[in-house]
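Subject: Structure handover

Hello,

Here is the structure I said I would pass on. My notes on strands, salt bridges and surface charge follow it.

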Amino acid sequence: MMSTRLPLWLRFFLLLGVVVFAAGAGLLAYRYYTRPATLTLAVGSIDGEAAKAMSAIASELVSTNAPVRLKVIDSGTALEAANAFSAGKVDLAVVRGDVGDLSQAQAVVVVSHMVVLIIAPPGSSIDSIDGLKGHTVGVVGGVPNAKIVDVLTREYDLASAKVVFKNLALTDVRQAIQSKQVSALLVVIPLAEKYLSLVRGFFQLDHKKVPVLISIESAAAIAEAERSFESFDVPKGTLRGSPPVPEDDLTTLRTSLYLVAHKKLGTDLVTHLTQAIMSVRRNLLREQPIFAQITAPSTDQDAYLPLHPGAAAVYNSTTQSFMDEYGNWIYLTPMVLGGAATMLAAAWKFLGIGNRATEGPLDSLYALGRRIRKVEAEAELSDIEEEIDGILKAERAKSAAGDESAVDDATLNVVAHRLESLIHDRRTLIAKRPAVASAA
């Protein structure tokens, strides 16, 4: 009823407004649903390179339009990054397996492996841990290496041997060696050229002067007691090729640098993150070869750091199948299309387009009323009366047959009476016209 009272142009603009509003709301909902998730990531290292590396990954995620983005927070050191993570201040962190509280951490990727190197300067007589007795060892990076110092002290009873460990900032290492404040260095680094060059720079080296790498022979026993470490053999010539340093494969300790996520982080979110990182890693290898060290963590049930279920889905190839991922869309699409068809039909009806082609008996009777007022001859009125009789007869036949669409008799009688009055008045008017013309 309302659509018949409003003009067509107003109905059109009302409908257009509804369509624009619905389209805008749908677009906003779609943008909200498909927007990339941003996760905060704490990272820290004594040289700041860890933050730069993760920032490069974050930039690549943006350029590849990945569904997950990273907000990198440089915490300064690995310990501070671990503390920020354990305090719940960030979603992710790059942490060493031997540093900080990792009770809420689950592994996503192994960023790198950190190798423990004990190095004596060129010309030193120290060639074993026992030879450190009574000497001072400079610990490069300081506090984050406290657990390694503690483990070595207990395993080799270095406290009784009066071995002193002194924390050194990166900028103070060379001065400490040259002034003989320390007799050896303990560093924990990835075996990548960037960091090996850094270590070489601590010493004044030439062809004859080579540093001495000291083996940790009890590495296997330490790894058995401390699961954050593993025994590792440094390949011959790793620090220097000619003459080779070490001269042969050297046993030491190794820990891993993990990208970890909170247990509370959603499985699908971490799956997308893992897939994105492993993908952009390939793109970054040419610029920073250290990204080649990004690997999958251990998938064993008894791994030191449990694997996040979202990452496990990637490494175990148990990500969602086509039907798992798109089953809901397949199910909902027919419903959405049906709803759209219903709305289009309602809009068409609201506009009133095409209604005349299916007008009812009352519409036909009302149209006859307009014709009666314009009739000029008695014969036309007779024809109209026959049409009225035909419509009334057809409607009464439908009513008798039980057709629910038939107009009730009371309504028909009212309309018919109205039309009869109009016909009577028009006949009277037509009959008077000749007399008026004669008088003139």
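V137 stands opposite F165, a residue of strand β6. The two strands involved are β5 and β6 (residues 164–168), which pair in the parallel sense over five bridges. Four of the five residues of β5 (residues 136–140) are buried, so β5 is largely enclosed by the rest of the structure. Please keep in mind that this is a predicted model.

Strand β10 is the other one to look at. Which strands pair with β10 in the antiparallel sense? Strand β3 (residues 92–96) is one of them, joined to β10 by five bridges; here V94 has L259 as its bridge partner.

Next, the salt bridges. Side chains of opposite charge can pair when their charged atoms come close. The structure holds 13 salt bridges, and three of them are described here one by one.

E49 forms a salt bridge with K194, with 2.9 Å between the closest N and O atoms. E49 belongs to helix α3 (residues 49–63) and K194 to helix α7 (residues 193–200), so this pair ties together parts that are 145 residues apart in sequence. K194 counts as partly exposed, at 45%.

R371 forms a salt bridge with E387, and their closest N and O atoms are 3.1 Å apart. R371 sits in helix α12 (residues 361–372) and E387 in helix α13 (residues 378–400), so the parts tied together are 16 residues apart in sequence. R371 is partly exposed, with a relative accessible area of 38%, and E387 is partly exposed at 35%.

The side chains of E378 and R427 also meet in a salt bridge, at 2.5 Å from N to O. Because E378 lies in helix α13 and R427 in helix α14 (residues 409–439), the pair ties together parts that are 49 residues apart in sequence. E378 is partly exposed, with a relative accessible area of 37%; R427 is partly exposed at 25%.

There is also a network of salt bridges, which links K147, D150, R154 and E226.

Which residues form the negative patch? They are E380, D383, E386, D389 and E420. Helix α13 supplies the largest share of this patch, four residues, and D389 lies in that helix. A patch of positive charge gathers R370, R373, K374 and R418 on the surface. Of these, K374 lies in the loop between α12 and α13, and K374 is exposed, with a relative accessible area of 66%.

Regards

Notes: Residues numbered from 1 in each chain as written. Predicted model: local features only at pLDDT ≥ 70, side-chain atom pairs only at ≥ 80, totals over all residues. Heavy atoms only, no water. Salt bridge = Lys/Arg side-chain N within 4 Å of Asp/Glu carboxyl O. Buried < 20%, exposed > 50% of the residue type's maximum accessible area, 1.4 Å probe, protein only. Patch = residues over 30% accessible without salt bridge, like charges linked within 9 Å, V, L, I, M, F, W, Y side chains within 5 Å. Areas by Shrake-Rupley, 256 points an atom, 1.4 Å probe, with all protein chains shown as cover. Lys, Arg positive; Asp, Glu negative; His and termini not counted. Charge placed at Lys NZ, Arg CZ, Asp CG, Glu CD. Pairing = 2+ DSSP bridges.
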